[in-house]
Amino acid sequence: MYMISAVLYFLTHHPIWSFLIILFFSFAMGILLSIWRNHGKWFFILPILGFLAAMFNIFFTHHLNALFLNAVGTEGTAVVVYAEETNSLYNDQYVWEYEAVLKTSEGQDVVTNFTTMSASIYPLRNAILIPPKGEVFVAKYVPGFEGNILIMSDKSDYGKKWVLNKDLKPVAKAEAQLATSPTNPAFISEYRLALQAFIEKHRDGPDPDLIRQYRQKLEALEAMERERQP
């Protein structure tokens, strides 16, 4: 498994070199197959497939790496010790370089690095959730090649806070909506459902005081609905 981890690490952390290597081998294999099969179609087919594979590698291999490490990796902890903004842009935002120290399950310290483009994060989302500098987070790795790490955002405090704040938005929206018309049955129902969904998801979350407060609001809302029933 550590060999697969090493290959995925190279593909995700060296996309330009990976792009060139994939293209080179696809052209080389296309030439060899064209000679061997005595048919020129392979000289066109394999380079096209190689180009598609090289493009796939740039945009999706870090997701493949995340799925691999989550499936077979060993859990440890890590902390970002260095962060620096680069001059490179990705999605109109500057790419950051990070160095981190992984503490393996055996107590070994391993220095590793990643960028906002190469970081492998689980769960897979359309968001790059990098841990704050100096904050310990949960990570997975394959013994034998510990430099390739997976950031387990939802098992780490910073990720739990991000999810909590994200799930607070529907509750805040429904509450503000209800405030504009406290007797609107549709607004009351939406607020009640938002509270119920939030409480159910975060009942064991990092903010028990907030859950207690929302339970009280839900009970008051349900009491009000019962009073309004004929």
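A salt bridge is counted where a side-chain nitrogen of Lys or Arg lies within 4 Å of a carboxyl oxygen of Asp or Glu. Eight such salt bridges turn up in a search of the whole structure. The model is predicted: local features need pLDDT of at least 70, side-chain atom pairs count only at pLDDT 80 or more, and totals for chains, interfaces and linings use all residues. Residues are numbered from 1 along each chain as its sequence is written, and side-chain values use heavy atoms, with hydrogens and water left out.

**View 1. Glu 75 and Lys 155 form a salt bridge.** The closest N and O atoms of the two residues are 3.0 Å apart. This pair links distant parts of the chain, 80 residues apart. Glu 75 belongs to strand S1, while Lys 155 sits in the loop between S6 and helix H4 (157-180). Helices (H or I, at least four residues) and strands (E, at least two) are DSSP runs, numbered from the N terminus. Glu 75 is partly exposed, at 39% relative accessible area. Lys 155 is partly exposed as well, at 44%. Buried means under 20% relative accessible area, exposed means over 50%, and partly exposed lies in between (1.4 Å probe, protein chains only).

**View 2. Lys 201 and Asp 167 meet in a salt bridge.** The N to O distance is 2.9 Å. Here too, distant parts of the chain are linked: Lys 201 is in helix H5 (residues 185-202), Asp 167 in helix H4, and 34 residues separate them. Lys 201 is exposed, with a relative accessible area of 53%. Asp 167 counts as buried because its relative accessibility is 15%.

View 3. Arg 212 is partly exposed, at 46% relative accessible area.

**View 4. Strands S1 and S2 run antiparallel and form a hairpin.** Ten bridges join the two strands. Strands count as paired if DSSP finds at least two bridges between them. Val 79 has Val 101 in S2 as its bridge partner. Two residues lie between S1 and S2. Asn 91, in this turn, has a positive phi of about 55°.

**View 5. Strand S2 also pairs with strand S3 (residues 109-115).** The pairing is antiparallel and runs over seven bridges. Glu 97 is found in S2, and its bridge partner in S3 is Thr 115. The hairpin of S2 and S3 has five residues between the strands. Gly 107 in this hairpin takes a positive phi near 90°.

**View 6. Glu 84, Glu 85, Glu 97 and Glu 99 form a negative surface patch.** Strand S1 (74-90) and strand S2 (93-103) each supply at least two of the patch residues. Glu 97 is partly exposed, with a relative accessible area of 38%. Patches are made of residues with over 30% relative accessible area and no salt bridge; like charges are joined within 9 Å, and nonpolar side chains (Val, Leu, Ile, Met, Phe, Trp, Tyr) within 5 Å. Asp and Glu count as negative, and the charge of Glu is placed at CD.

**View 7. Strand S5 (residues 136-142) is largely enclosed.** Six of its seven residues are buried, so the rest of the structure largely encloses the strand. S5 runs antiparallel to S1, with six bridges joining them. Thr 77 has Val 138 in S5 as its bridge partner. S5 also pairs with strand S6 (residues 145-152), in the antiparallel sense, over three bridges. Ala 139 stands opposite Ile 151 in S6. S5 and S6 form a hairpin with two residues between them. Gly 144 in the turn has a positive phi of about 110°.

**View 8. Seven residues form a nonpolar patch on the surface: Phe 10, Ile 16, Trp 17, Leu 20, Ile 21, Phe 24 and Phe 25.** Together they have about 780 Å² of accessible area (Shrake-Rupley method, 1.4 Å probe). Helix H2 (residues 15-37) gives the largest share, six residues. Ile 21 is found in H2. Ile 21 is partly exposed, at 35% relative accessible area.
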